[in-house]
Amino acid sequence: MVELKNVSVTYASGVDALNNVSLKINDGDFAFVVGSSGAGKSTMIKLILKEIDATSGIVTVNGYNLSKLRKRKIPELRRTIGIVFQDFRLIPSMTVYENIAFVLRVIDAPRKYIRKRVPYVISLVGLQAKANSYPDELSGGEKQRVAIARALVNDPKLIIADEPTGNIDPELSYEIVELLKGINECGTTVLMVTHEHDLVRHFGGRIINITQGEIVFDEVIGGTNEG
Ligand code: ADP
């Protein structure tokens, strides 16, 4: 669960990036976050990851009150969150399998578990045939599937996808959202930041619009793909 209660963020430069924002995303929700450049979307993501602190207000993420969370506990918070970036951020010298296994190796997961878990998440994103390929041998859509598998491998409660379709052909963007929707249906909360109004209209669901640091719209709409 993610909850922002009367949260404001003012950067040292004096910019008010978020202004008295309140928002609740329950476990199991799927929400699109939309808003133009500079609206405050990245600031919200940074707050959730505790990369920055709120200037005022309360941020709660997956049971952690972030204003009270000690520094040494931040990795524990972050392990409950999977992140997918616009630019994939895969390690070029590692295969698909290794890119995903790496996440578990750095937290000293048992080898036996890694050998079971990694093929499982690779199959969830439909890339069994590419497990031994390197990132530069994959299409944009495939790279993003790897990044989604990597975000999932730790079994996070929440996935934050930050413009996940930004570097992908429009036709394949729909598949990426379908994949995130499928993951959400299995119980993971998904927060997807996007600029792509067509995608949002197509899928519908909860849309949160941030404009100049304020939530100006937060409602569930029907998608054009329904019915
Ligand atoms: P978005 O992700 O929606 O494009 P941001 O959250 O990045 O918006 O930015 C919100 C506002 O805060 C913008 O006016 C931006 O210029 C400003 N901002 C973002 N990061 C910083 C920072 N580190 N220092 C000062 N101002 C910042």
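**Chat about a ligand shell and its protein**

Trainee: Hi! Which residues surround the ligand?

Mentor: Tyr11, Ser13, Val15, Ala17, Ser36, Ser37, Gly38, Ala39, Gly40, Lys41, Ser42 and Thr43 surround the ligand. A residue counts as near a molecule if one of its heavy atoms lies within 4 Å of it. Bear in mind that this is a predicted model, where local features need pLDDT of at least 70, side-chain atom pairs count only at pLDDT 80 or more, and totals for chains, interfaces and linings use all residues. Residues are numbered from 1 along each chain as its sequence is written, and side-chain values use heavy atoms, with hydrogens and water left out.

Trainee: Thanks! How do the shell residues divide into nonpolar, polar and charged?

Mentor: There are four nonpolar, seven polar and one charged. Here Ala, Val, Leu, Ile, Met, Phe, Trp, Tyr, Cys and Pro count as nonpolar, Asp, Glu, Lys and Arg as charged, and the others, Gly among them, as polar.

Trainee: And which helix gives the most to that shell?

Mentor: Helix 1, residues 41-48, with three residues. Helices are DSSP runs of H or I with at least four residues, strands are runs of E with at least two, and both are numbered from the N terminus.

Trainee: What does threonine 43 do with its polar side-chain atom?

Mentor: That atom lies 2.6 Å from an oxygen atom of the ligand. The protein covers 63% of the 560 Å² of accessible area that the ligand has on its own; such areas come from the Shrake-Rupley method with a 1.4 Å probe, and for residues only the protein chains shown count as cover.

Trainee: New topic: how many helices and strands does the protein have?

Mentor: Seven helices and 10 strands. The radius of gyration is 18 Å, close to the 17 Å that the globule rule gives for 227 residues, so the protein is as compact as a globular protein of that length. That radius is taken over C-alpha atoms, and the rule is 2.2 Å times the number of residues to the power 0.38.

Trainee: Last one: is glutamate 163 buried or exposed?

Mentor: Glutamate 163 is buried, with a relative accessible area of 9%. Buried means under 20%, exposed over 50%, and partly exposed in between, with a 1.4 Å probe and protein chains only. Glutamate 163 sits in the loop between strand 7 (158-162) and helix 6 (170-185), and its phi is positive, near 50°.

Conventions:
A polar contact is a pair of N or O atoms within 3.5 Å; within protein, one must be able to donate a hydrogen and the other to accept it, and residues adjacent in sequence count only if both atoms are side-chain atoms.
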